[in-house]
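Colleague: I'm new to this one. Can you put it up and walk me through a helix?

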Amino acid sequence: MVMVSLSVLLGVFSAAAGTWMATAEGNTAELGAAALVLPNAPAGAGGTSGTDLSGGQVQTTTGKPPAVPTTSAPAPTTSSAAPAPTETSEAPRPTTSEAPPPTTKAAARVAPSVTAQVIARVNDERAKAGCAPLAEEPHLTKAAQDYSDQMSAGNFFSHTSPDGTTFDQRIKSAGYSKPGAENIAKGQTSAEQVMDAWMNSEGHRANILNCSLTKLGVGLTTAGWYWVQDFGY
């Protein structure tokens, strides 16, 4: 097995200083974290918040008694009418072949998308830390997906795009007015891998466990495996 060692890039944006500070560490994946503290950002308080059948009767009729016989032999008793058919008191119930209820077979569990798995793992970690879960937000999702696509197409890895656009500007352009932070990563091929990498990096972990943040969008482009988490207040 060939081990490839890549560098870790951690970027933290300081709103006060208006500068980027970067450090390099040895690791097996590339990462990037950026956080923007807005002047009106809420304080980071923890907390948890995330079924006729009618019966027939047979009547019997009795005729007059026969006359006393004379010299002639009595006429044989003839039954001119056929005996009345015996009427059943209850008609047979129709056979209803009622199909048994369908077997409650456990539906095949459809695995959520990889990005949904990332969000679920983020909220699992936040729950452990006493933070409310993050809700997926479509504008943040668009910003994150567009940027992972852009990094893949341009073969670069940075919180600042080649034209100088920063993550908070991209989030606002996507229609979300309160950007909070961004995590990026490259090379991890599963939600488990990228979350393990982020949670083992101080800057990324801080963004994930920031209880003041409330919304999240995740982007993934598998051509190069670029990942983006965009957070919002």
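Colleague: At the start of α2, which backbone nitrogen does a side-chain oxygen of Glu-137 reach?
Modeller: That of His-139. The side-chain oxygen comes to within 2.7 Å of it. Keep in mind that this is a predicted model.

Colleague: And how far apart are the end C-alpha atoms of α2?
Modeller: They are 24 Å apart. The helix has 17 residues, 138–154, and at 1.5 Å a residue it should span 24 Å, so the two agree.

Colleague: Which residues of α2 are buried?
Modeller: Leu-140, Thr-141, Ala-143, Ala-144, Tyr-147, Ser-148, Met-151 and Ser-152. They cover an arc of only 165° around the axis, so they sit on the same side of α2.

Colleague: What's exposed on the other side of α2?
Modeller: Pro-138 and Ala-153.

Colleague: What covers the buried residues of α2?
Modeller: The cover includes strands β4 (135–136), β5 (179–186), β6 (215–221) and β7 (226–232), plus helix α3 (167–173).

Colleague: What follows α2?
Modeller: Asn-155. Its phi is positive, near 55°.

Colleague: Switching topic. Where does Lys-172 lie?
Modeller: In helix α3. Lys-172 counts as partly exposed, because its relative accessibility is 48% and the exposed class begins over 50%.

Colleague: Leaving aside neighbours within four places in sequence, what is Lys-172 in contact with?
Modeller: Ser-177 and Pro-179.

Colleague: How far is the C-alpha atom of Lys-172 from that of Leu-140?
Modeller: They are separated by 9.0 Å. Along the chain, the two residues are 32 residues apart. Leu-140 is one of the buried residues in α2.

Conventions:
Residues numbered from 1 in each chain as written. Predicted model: local features only at pLDDT ≥ 70, side-chain atom pairs only at ≥ 80, totals over all residues. Heavy atoms only, no water. Helix = DSSP H or I, 4+ residues; strand = E, 2+ residues; numbered from the N terminus. Expected span 1.5 Å × (residues − 1). Buried < 20%, exposed > 50% of the residue type's maximum accessible area, 1.4 Å probe, protein only. Arc of directions from axis to C-beta. Contact = heavy atoms within 4.5 Å. Polar contact = N/O pair within 3.5 Å; in protein donor to acceptor, adjacent residues only side chain to side chain.
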